[in-house]
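Hi there,

Here is the structure I promised to pass on to you. Have a look at it first, and then read my notes below.

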Amino acid sequence: MHSEIAVLPGDGIGPEVTAAAIKVLRKVADRHGHDLVFNEYDIGGIAIDRHGEPLPAATLAGCQRADAVLLGAVGGPKWSDPNAKVRPEQGLLALRKGLGLFANLRPVRPHPAALNASPIKPHLLTGVDILVVRELTGGIYFGDKTRDADSASDLCRYTVEEIERVVRSSFRLARQRRGFVASVDKANVLETSRLWRDVTSRIAREEFPDVRLEHVLVDSMAMHLLSKPREFDVIVTENMFGDILTDEASMLAGSLGLLPSASLGDGKRGLYEPIHGSAPDIAGKGIANPYATILSCAMLLRHSLGWEDEAACIERAVDAALNAQAFTNDLAPGGRGISTTAAAEAVIAQLEEHCYVADLRD
Ligand code: NAD
């Protein structure tokens with residue numbers, strides 16, 4: 001039986017990093033005797049150019065049929081007019097909705113070989129291993145908006161069900177990790193945060209008594225993420241706080257090019273993508289860092305296909321490639337790094353040299 005992956009390369013460096021990551025996926029699948037089928041579809045700017053819309057029906061249908069979706073990035077200067085009727089990022093929002101995805105997972109694990117790429121002092125980063133879970137469907141981004149000549153408003157709304165499902169996901173994930181959830185809100189000011197805190201406390205008490213829960217105000221968390229990041233395991237929060245905190249947390253890892261993400265719903269199907277954008281400034285040059293996309297593929301194997309060994313194998317190979325200083329420009333001192341393809345080849349070489357031996361020993 002085969003597993004099907006819908007591939008949406010998108011714009012800018014998207015096609016370069018997805019092509020590199022697929023090479024790694026093919027290698028891992030071959031080695032473990034799995035049959036993976038890749039079907040490519042348009043999304044974002046390229047879909048606007050070719051089909052007049054950022055998420056063509058064939059793309060959504062292909063993703064809904066697939067076991068998992070791998071996305072590069074969308075957007076770029078060509079489609080950046082804020083007054084345009086159709087914009088690339090609408091494709092991404094519609095895709096998340098169409099697939100029923102509500103939890104965005106962003107692991108942040110600064111790599112020992114890349115600590116100097118972070119603006120944070122290395123001694124604060126050693127041993128940091130955080131999973132931020134951001135709610136994706138509710139909150140102020142989706143509430144009613146008003147605007148008149150001298151005022152504007154955005155409504156922040158959450159339902160109990162929206163909070164329950166993302167909080168449950170984060171407790172389940174904490175159980176597979178170090179068993180600690182920090183729930184972030186602004187309960188001293190916001191009513192939606194007070195509801196968030198009540199629901200989270202109830203779920204912890206009734207369903208996850210084995211997981212430690214701490215409530216942290218978002219302003220404190222903004223500080224703690226930089227001053228004591230090692231103390232956190234899973235951090236769960238609402239949509240806008242998560243948007244801001246995940247960008248802050250990304251600085252712990254030094255480069256946007258190292259951070260993967262997954263967006264999950266109730267079932268196994270998920271959307272996997274690097275957290276960076278389409279990087280128009282380096283697109284087409286073959287120098288983009290593919291590690292975030294390769295690590296997103298590891299998340300895909302783990303969460304959507306249930307291939308834990310294969311996922312861990314990719315993660316070990318990326319670690320080994322970084323230990324061997326296989327740095328793209330964004331990581332290399334002086335910006336003299338290797339190409340996107342060479343970085344993917346470095347991971348593949350490490351798969352052969354390390355992971356398979358480790359697999360046999362296991
Ligand atoms: P960006 O992440 O594309 O780039 C920011 C900086 O990081 C640039 O200097 C870029 O060269 C560098 N960078 C990013 N990824 C890299 C990689 N893999 N390797 C090496 N360097 C990398 O953010 P931006 O410049 O603010 O946005 C560019 C476009 O991407 C915009 O159109 C934006 O809307 C879009 N965007 C898309 C997504 C997405 O598809 N999920 C996310 C963010 C931004």
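This is a predicted model: local features need pLDDT of at least 70, side-chain atom pairs count only at pLDDT 80 or more; totals for chains, interfaces and linings use all residues.

**Cysteines, ligand and cavity**

The sulfur of Cys 297 has its closest cysteine sulfur in Cys 313, and at 13 Å that is too far for a bond.

How many disulfides does the structure hold? The count is 0. While you are looking at the cysteines, compare two of them. Cys 297 is buried, with a relative accessible area of 1%. Cys 156, on the other hand, is partly exposed, and its relative accessible area is 26%.

Now turn to the ligand. In total, 19 residues surround the ligand. The closest are Val 74, Gly 277, Ala 279, Asp 281 and Asn 289. Sorted by class, this shell is made up of 9 nonpolar, 7 polar and 3 charged residues.

Which residues have polar atoms facing atoms of the ligand?

- Asp 281: an N or O atom in the side chain is 2.8 Å from a ligand oxygen atom.
- His 276: here a nitrogen atom of the ligand is involved, 3.2 Å from an N or O atom in the side chain.

On its own, the ligand has 800 Å² of accessible area, and the protein covers 64% of that.

Last, the cavities. What did a search of the whole structure find? It turned up 1 cavity of 30 Å³ or more. The largest cavity has a volume of about 30 Å³. The residues that line the largest cavity are Tyr 158, Asp 185, Thr 192, Ser 193, Trp 196 and Glu 238.

Enjoy exploring, and write back whenever you like!

Best wishes

Terms used
Residues are numbered from 1 along each chain as its sequence is written. Side-chain values use heavy atoms; hydrogens and water are left out. A residue is near a molecule or strand if one of its heavy atoms lies within 4 Å of it. A polar contact is a pair of N or O atoms within 3.5 Å; within protein, one must be able to donate a hydrogen and the other to accept it, and residues adjacent in sequence count only if both atoms are side-chain atoms. Accessible areas come from the Shrake-Rupley method with a 1.4 Å probe; for residues, only the protein chains shown count as cover. Ala, Val, Leu, Ile, Met, Phe, Trp, Tyr, Cys and Pro count as nonpolar, Asp, Glu, Lys and Arg as charged, and the others, Gly among them, as polar. A disulfide is a pair of cysteine sulfur atoms within 2.5 Å. Buried means under 20% relative accessible area, exposed over 50%, partly exposed in between (1.4 Å probe, protein chains only). On a 1 Å grid over the protein atoms alone, a cavity is a set of points where a 1.4 Å probe fits but cannot get out, and a pocket is an open set with protein on both sides within 12 Å along at least five of seven lines; lining residues have an atom within 4 Å of a point. Grid points are joined across faces, edges and corners, and a volume is the space filled by probe spheres set on the points.
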